[in-house]
Amino acid sequence: MRPKRPDSFWSALALALAALALSACRRHEAVRPAPALPPRPTPVPSARFEEKAEAMGIRFTHVNGARGQKWMPETMGGGVAALDYDGDGRPDLLFVSSCYWPGDPRGKEIKSSLALYRNEGVGAFTATKAWEPTACRISAT
Ligand SMILES: [Ca+2]
């Protein structure tokens, strides 16, 4: 037979549990965010661009084929790649064009093309090769 605990034990235990429960329910202060710093002006780097392509020997017209519908192929045009195709250590330029949509009459007048320009150094390029793709196809699927 277990010994019976005195009523004072149960009273003390109930009081301790009540104190523990009350302390767990205590309201915590909310964390306040740090005050916002006033905005500081961001320095804008100065850059100046000049159109020098033609003076450097580059005459390439990019055809993007856009019809104004803003379809995905219209927004993704051609580009240019810098590569050293002849291994002379100077980066050459390969221009890539897009084409007109099938049925667009402009496609009969202006053809899509690729053009490779050799870097001659001293800021000059020479057109070495131009291709007119025999089949340029845009597909929306
Ligand atoms: Ca080169």
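These legends describe close-up views of a predicted model of one protein chain.

**View 1**
The protein chain holds 3 helices and 4 strands. Along the sequence these elements follow the pattern α-α-β-β-α-β-β. The chain has 141 residues, and 7% of them are buried. Among the contacts with a separation of 6 or more, 42% are between residues 24 or more positions apart.

The 4 strands make an open sheet in the order 1-2-3-4, and their pairing is antiparallel. Strand 1 (79-83) and strand 4 are at the edges; each has a single partner strand, so one side of each has no neighbour in the sheet. From one strand to the next, the twist averages 20°. In a regular strand, side chains alternate between the two faces of the sheet.

**View 1. Strand 1 beside strand 2.**
Strand 2 covers residues 92-96 and runs antiparallel to strand 1, to which 5 bridges join it. One of the residues to look for is Gly79, whose bridge partner in strand 2 is Val96.

**View 2. The hairpin of strand 3 and strand 4.**
Strand 3 spans residues 114-121 and pairs with strand 4 in the antiparallel sense, over 7 bridges. Ala115 has Ala130 of strand 4 as its bridge partner. Between the two strands of this hairpin there are 2 residues, and Val122 takes a positive phi near 45°.

**View 3. Strand 4 and its exposure.**
Strand 4 is made up of residues 124-131 and includes Phe125. Of the 8 residues in strand 4, the number buried is 0, so the strand lies largely in the open. Strand 4 is also an edge strand with a single partner, so one of its sides lacks a neighbour in the sheet.

**View 4. Phe125 and its surroundings.**
Phe125 belongs to strand 4. Around Phe125 there are 19 other C-beta atoms within 10 Å; a residue counts as buried at 20 or more, so Phe125 is classed as partly exposed. Leaving aside residues up to four places away in sequence, Phe125 touches Met56, Gly57, Ile58, Leu93, Tyr117, Arg118, Asn119 and Glu120.

**View 5. Phe125 and Gly57, brought together from separate parts of the sequence.**
Phe125 and Gly57 are 68 residues apart in sequence, while their C-alpha atoms are 5.1 Å apart in space. Gly57 is among the residues that Phe125 touches, as are Met56 and Ile58.

Conventions:
Residues numbered from 1 in each chain as written. Predicted model: local features only at pLDDT ≥ 70, side-chain atom pairs only at ≥ 80, totals over all residues. Buried ≥ 20, exposed ≤ 12 C-beta atoms within 10 Å, placed from the backbone. Contact = placed C-beta atoms within 7 Å. Pairing = 2+ DSSP bridges. Axes fitted to C-alpha atoms, helices over the stretch in contact; angles between N-to-C directions.
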